[in-house]
Amino acid sequence: MNAPLIQPLYNEVQHGTWSTLYRRQRKNLEDKGARLYLDALDEMASLTEATIPRVDHMSAALKARTGWGLVIVPGLIPVDDFFAMLAQRQFCTSTWVRRPDQLDYLEEPDMFHDTFGHVPPLMNPEFALFMQRFGEIGVDLQGNDEAVLALQRLYWFFVEFGFVEEKGMPRAFGAGIMSSYGETHHAWELKADLRRFTLEGAMSTPFTTTEIQSTYFLIKDIPEVIRDLEAWRAGLS
Ligand SMILES: [Fe+2]
């Protein structure tokens with residue numbers, strides 16, 4: 001077992017980039033983002049505009065609320081390892097922060113995406129449960145390539161690029177939207193054309209990581225997604 005990775009120290013330019021990203025995107029999300037996400041973000045004293053946050057502090061806040069924790073990883077990790085971590089209520093984050101000239105475009109997720117985008121919803125008990133069951137089911141289905149692809153699509157269209165309905169209105173929710181100024185505007189312009197989420201619909205829709213999204217799903221109810229996921233899993237065995 002390798003020793004846990006340690007978060008590096010950052011210079012003023014990096015802290016400044018973080019603050020710029022945070023300030024701009026928090027404002028941008030005020031009338032577009034789900035309250036489920038925004039209220040959790042605003043409540044987290046460990047995830048603010050002031051400086052690049054400490055992973056151990058955010059992890060402690062998550063642990064106290066929903067039993068989740070954060071683990072530092074060097075970058076993208078194999079899908080089987082990812083499922084295993086989620087099953088144990090552990091989310092992984094990188095610790096590098098983009099350069100000032102990369103505010104709007106990244107080939108690989110940085111810490112702003114991994115934390116600003118992914119951490120706040122993990123404070124929500126229903127979403128926290130979904131993520132754990134998603135991981136456990138992924139572990140169970142290792143080696144079943146078709147089922148793993150279906151799970152990856154579900155993750156993409158819900159966790160990364162989903163909208164949720166609040167008070168009858170669509171609100172941006174997925175981390176790929178919440179952590180990107182440009183993606184937020186793009187997705188918001190398409191909100192009249194959101195597809196009503198169904199598990200089968202998400203699982204049968206291909207996605208690409210190299211082009212801007214043309215399909216976004218609207219999730220009505222997170223417990224319903226969990227029930228549908230359990231029913232899908234039960235139907236496979
Ligand atoms: Fe992500």
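I take a nonpolar core to be a set of buried Ala, Val, Leu, Ile, Met, Phe, Trp, Tyr and Cys residues joined through C-beta atoms within 7 Å. I note at the outset that the model is predicted.

**Entry 1: the core**

With that definition I looked up the largest nonpolar core and found that it has 54 residues. The residues with the most contacts inside this core are Leu-62, Leu-122, Phe-158, Ala-172, Phe-217 and Ile-219. I then listed the neighbours of Ala-172, leaving out residues up to four places away in sequence. Ala-172 touches Leu-29, Lys-32, Gly-33, Ala-34, Phe-163, Ile-177, Met-178, Thr-184, Ala-187 and Trp-188.

**Entry 2: the whole protein**

I counted 11 helices and 6 strands in the protein. The radius of gyration is 17 Å, close to the 18 Å that the globule rule gives for 237 residues, so the protein is as compact as a globular protein of that length. Along the principal axes, the C-alpha trace spans about 55 × 45 × 35 Å. Of the 237 residues, 35% are buried. I also examined the contacts with a separation of 6 or more: residues 24 or more positions apart account for 62% of them.

**Entry 3: helix α3**

Does the length of the helix agree with its residue count, or disagree? At 1.5 Å a residue, the 12 residues of α3 (residues 55-66) should span 16 Å, and the end C-alpha atoms are 16 Å apart, which agrees.

**Entry 4**

I recorded an open sheet of 4 strands, in the order β4-β3-β6-β5 and with mixed pairing. The edge strands are β4 (169-172) and β5 (195-196), each of which pairs on one side only.

In which sense do β3 and β6 pair? Strand β3 (residues 163-166) and strand β6 (residues 217-219) pair in the parallel sense, over 2 bridges. Val-164 stands opposite Ile-219 in β6. I had already listed Ile-219 among the residues with the most contacts inside the largest nonpolar core.

Conventions: Residues numbered from 1 in each chain as written. Predicted model: local features only at pLDDT ≥ 70, side-chain atom pairs only at ≥ 80, totals over all residues. Expected span 1.5 Å × (residues − 1). Rg over C-alpha atoms; globule rule 2.2 N^0.38 Å. Buried ≥ 20, exposed ≤ 12 C-beta atoms within 10 Å, placed from the backbone. Contact = placed C-beta atoms within 7 Å. Pairing = 2+ DSSP bridges.
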